[in-house]
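This report describes selected packing features of a single model. The sequence and coordinates are shown first, and the account follows.

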Amino acid sequence: MLTGFSCRSVGTRARCIPRPHTTTCSPRAASGDEFERAWLDADGDLAAEPASLHRTLLRSSTESGVYFIVSDWVDEDGFRAFEDSAVHLAHRAKLHPYRSSGSFTTMHVVHALEAVGARTVSVQAVRSFASAEGVGVREATLAVLAGRVDDLLVASDFGFRVWLRAARRWGLADRLVGHVRAGRLLASDARAADALREVGCSEIWSTAAGSTEELVRYLLGHRQVGRRVVVQGDGVSVAEWCHALRGAGAEVVEVQTFRFAPPVHADLLRRLADQVVNRQVDAVAFTAAPAVVHLLAQAVADRRRDALLNALADEVPALCVGSLTAAPLAVARGQVPVRAVRLAAGGYRMEVRGQAVVLNDELIPVPPGPIAVLRALARNPGRVLSCAEIRRATPNWAAVDDHAIEQAVSRLRRTLHHGDLIQTVMRRGYRLVG
């Protein structure tokens with residue numbers, strides 16, 4: 001039973017909503033109202049489709065001009081049939097004039113946690129937007145041209161066209177197209193395939209699922225040692241797939257036709273850190289490495305990195321989509337001592353966690369004040385600690401008086417049901433039995 005369980009999903013516009021097909025688009029500046037009216041008018045095209053269940057237009061509350069289009073379908077076959085139809089082409093034509101950039105994601109509902117009592121919330125920890133500016137894309141393009149191309153994986157039509165426009169400015173477009181055409185061409189979906197056909201490519205591979213992830217899974221199902229794979233990526237999640245291909249032995253040239261940045265409002269990350277430190281969530285799911293980096297950077301700015309990492313170490317599991325996403329946490333975690341204290345004292349086995357104590361295999365919830373006292377004593381088993389020493393060992397306790405510590409000790413004894421575990425040494429302080 002998951003009643004009361006809460007989980008935060010952190011990443012690039014991560015959506016914790018049970019919808020199998022999500023499109024994100026960014027209408028051009030100053031055209032938001034027009035776009036909304038056009039979308040309402042065009043929605044009639046989908047309303048008549050028997051496989052279409054529900055459509056929703058969401059406007060971002062943090063980024064001006066950014067919209068999320070969410071559609072729910074009976075099954076993927078029904079959606080694919082619509083996607084290849086003339087009705088869909090007409091539908092896209094109505095909205096295309098307002099679209100300056102965008103991305104498309106297909107999702108399958110696996111489990112709806114809310115159905116079993118959990119509460120899930122998404123947090124935007126990364127902003128990403130299409131771009132081929134900067135040294136990175138030019139260097140990647142030159143790297144592509146410097147060797148053979150066994151496979152070219154195109155993640156999105158928009159990103160591929162952005163890449164080609166940049167290559168034309170550098171005078172490399174014709175050379176690039178001729179070079180990659182010699183390899184096997186893999187398109188994530190029908191639109192990516194269309195972008196390849198526009199430059200004269202004809203033999204294009206794809207998968208039935210129509211996603212970049214499925215293409216990577218296809219490649220991983222075959223021997224990759226010695227192969228050279230070029231991946232045009234349009235989102236931070238592509239980095240994990242490139243990492244998997246490198247792990248299988250392929251040489252991967254990643255062309256990132258996007259840039260990413262922290263959220264516009266730092267309070268999004270600050271509130272998330274507050275909830276983790278205060279143990280108000282039971283798990284945090286990270287969908288990309290930059291999400292981890294941005295959360296840790298904000299915690300450093302707020303002088304609470306150690307508190308955040310200790311919370312993630314003892315009571316709030318950090319769930320990562322892959323080893324690349326987990327890497328920033330692993331590096332940071334190695335620089336901070338673990339707050340969970342484990343010891344054997346006076347015939348007791350004890351582990352002091354964030355909000356509870358495991359005493360002889362029994363999990364006992366403990367309020368914040370008493371557990372702070374216990375943590376200080378458990379780090380010094382057998383040694384007498386004065387109230388002043390307990391204050392110094394506990395963050396933010398400078399204003400706590402001796403009487404409050406006495407009350408915390410008294411409540412701690414009642415909570416643990418073991419009166420002999422904590423001893424009072426008259427006029428000196430308290431100690432945990434050694």
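Arg270 is located in helix α10, which spans residues 267-277. The model is a predicted one. With a relative accessibility of 29%, Arg270 counts as partly exposed, because that class lies between buried, under 20%, and exposed, over 50%.

Leaving aside residues up to four places away in sequence, Arg270 touches Gln298 and Asp302. Gln298 is 28 residues from Arg270 in sequence, and their C-alpha atoms are 6.9 Å apart in space. With Asp302, the side chain of Arg270 forms a polar contact of 3.1 Å.

## The parallel sheet and its helices

Five strands form an open sheet in the order β9-β8-β7-β10-β11, and their pairing is parallel. At the edges stand β9 (204-205) and β11 (251-256), each of which pairs on one side only. Helix α5 (residues 157-169) packs on this sheet and touches β7, β10 (228-233) and β11. The direction of α5 makes about 100° with that of β10. Helix α9 lies across β10 and β11, and runs at about 165° to β11.

Within the sheet, β7 (residues 151-154) and β8 (residues 184-187) pair in the parallel sense over four bridges. In this pairing, Asp151 stands opposite Arg184 in β8.

| Helix pair | Axes come within | Crossing angle |
|---|---|---|
| α8 (residues 212-220) and α9 (residues 238-247) | 10 Å | roughly 5° |
| α14 (residues 368-378) and α16 (residues 402-416) | 8 Å | roughly 90° |

How are α8 and α9 oriented to each other, roughly parallel or roughly perpendicular? Their axes cross at roughly 5°, and angles under 35 degrees count as roughly parallel; α8 and α9 are therefore roughly parallel to each other. On the α8 side, Thr212, Glu213, Val216, Leu219 and Leu220 take part, and they meet Trp241, Ala244 and Leu245 in α9. By class, this contact of α8 with α9 has six nonpolar residues, one polar and one charged.

For the other pair, the axes of α14 and α16 cross at roughly 90°, which makes α14 roughly perpendicular to α16. From α14, the contact is made by Gly369, Pro370, Val373 and Leu374. The residues of α16 in this contact are Ile405, Ala408, Val409, Arg411, Leu412 and Leu416. By class, the contact of α14 with α16 has eight nonpolar residues, one polar and one charged.

Key. Residues are numbered from 1 along each chain as its sequence is written. This is a predicted model: local features need pLDDT of at least 70, side-chain atom pairs count only at pLDDT 80 or more; totals for chains, interfaces and linings use all residues. Side-chain values use heavy atoms; hydrogens and water are left out. Axes are lines fitted to C-alpha atoms, for helices over the stretch in contact, and angles run from 0 to 180 degrees between N-to-C directions. Helices (H or I, at least four residues) and strands (E, at least two) are DSSP runs, numbered from the N terminus. Angles under 35 degrees count as roughly parallel, over 145 as roughly antiparallel, 65 to 115 as roughly perpendicular and the rest as oblique. Contact means heavy atoms within 4.5 Å. Ala, Val, Leu, Ile, Met, Phe, Trp, Tyr, Cys and Pro count as nonpolar, Asp, Glu, Lys and Arg as charged, and the others, Gly among them, as polar. Buried means under 20% relative accessible area, exposed over 50%, partly exposed in between (1.4 Å probe, protein chains only). A polar contact is a pair of N or O atoms within 3.5 Å; within protein, one must be able to donate a hydrogen and the other to accept it, and residues adjacent in sequence count only if both atoms are side-chain atoms. Two strands pair if DSSP finds at least two bridges between them.
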